[in-house]
Amino acid sequence: MLTTFKATATKLSDGLQVETNSRGFKILLDEPEEMGGTDAFMNPVEALLCALGACQTIVATAFAAAHDIVFEEFHVELEGDLDPDGFMGLANVRNGFQEIRFVMHFKTNEPKEKIENYAKFIEQTCPVGDCLANGVKLVLSGVAID
């Protein structure tokens with residue numbers, strides 16, 4: 001059974017600032033000054049990295065007991081390579097990330113091999129990671145003139 005998630009993104013009056021909303025929760029986004037923004041908030045691709053790391057963290061925590069994994073702490077460091085000349089129309093390169101790298105950090109007494117196998121499970125199970133690795137069909141459902 002499919003579950004539909006919904007969100008909105010609304011242009012704010014200052015620079016390139018955007019307010020996003022889903023289920024009443026808000027995230028404010030912007031761009032650095034050199035990209036025309038006010039640098040008041042993270043930009044959308046930084047938020048994408050945060051979403052991936054958050055999803056991996058949730059999967060790590062939610063499934064630990066079922067996999068007989070115990071850890072005291074967990075965090076993910078993420079980085080991605082993007083050439084801004086692509087979306088700025090200055091070069092014929094991909095608009096988005098060309099690669100995303102991440103390191104999962106566990107504070108645990110579990111054997112390394114067990115944690116490495118669990119990390120593979122996390123990577124295979126994370127819905128955001130799946131969207132990024134396998135792509136998602138994007139559909140422009142219409143244009144509204146308000």
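1. Glu 34 is exposed, with a relative accessible area of 68%; exposed means over 50%, buried under 20%, and partly exposed in between (1.4 Å probe, protein chains only). Glu 34 sits in the loop between β3 (25–29) and α1 (44–62). Helices (H or I, at least four residues) and strands (E, at least two) are DSSP runs, numbered from the N terminus.

2. This is a predicted model, in which local features need pLDDT of at least 70 and side-chain atom pairs count only at pLDDT 80 or more, while totals for chains, interfaces and linings use all residues. Residues are numbered from 1 along each chain as its sequence is written, and side-chain values use heavy atoms, with hydrogens and water left out.

3. On the surface, Glu 34 belongs to a patch of negative charge together with Glu 33, Asp 39 and Glu 46. Patches are made of residues with over 30% relative accessible area and no salt bridge; like charges are joined within 9 Å, and nonpolar side chains (Val, Leu, Ile, Met, Phe, Trp, Tyr) within 5 Å. Asp and Glu count as negative and Lys and Arg as positive, with His and the chain ends not counted. The place of a charge is taken as CD of Glu, CG of Asp, NZ of Lys or CZ of Arg.

4. A nonpolar surface patch is formed by Phe 87, Met 88 and Leu 90, with about 330 Å² of accessible area together. Accessible areas come from the Shrake-Rupley method with a 1.4 Å probe; for residues, only the protein chains shown count as cover. Phe 87 lies in the loop between β4 and β5 and is partly exposed, at 41% relative accessibility.

5. From the N terminus on, the elements of the protein chain run β-β-β-α-β-β-α-α, giving three helices and five strands. The C-alpha atoms fill a box of roughly 55 × 35 × 30 Å along the principal axes. Of the 146 residues, 23% count as buried.

6. Eight salt bridges are found in the whole structure, a salt bridge being a side-chain nitrogen of Lys or Arg within 4 Å of a carboxyl oxygen of Asp or Glu. One of them joins Glu 19 and Lys 26, at 3.7 Å from N to O. Glu 19 is partly exposed at 24% relative accessibility, whereas Lys 26 is exposed at 55%.

7. Which residue forms a salt bridge with Lys 114? The partner is Glu 110, and the closest N and O atoms are 3.2 Å apart. Glu 110 is buried at 19% relative accessibility; Lys 114 is partly exposed at 27%. Elsewhere, salt bridges that share partners join Glu 79, Asp 81, Glu 99 and Arg 101 into one network.

8. Arg 101 lies in strand β5 (residues 99–107) and Glu 79 in strand β4 (residues 73–81), so the pair ties together parts that are 22 residues apart in sequence. Arg 101 is partly exposed, with a relative accessible area of 28%, and Glu 79 is also partly exposed, with 45%.

9. The structure holds zero disulfides, a disulfide being a pair of cysteine sulfur atoms within 2.5 Å. Cys 131 is in no disulfide, and the nearest cysteine sulfur, that of Cys 55, is 8.4 Å away. Cys 131 is partly exposed at 38% relative accessibility, whereas Cys 126 is buried at 1%.
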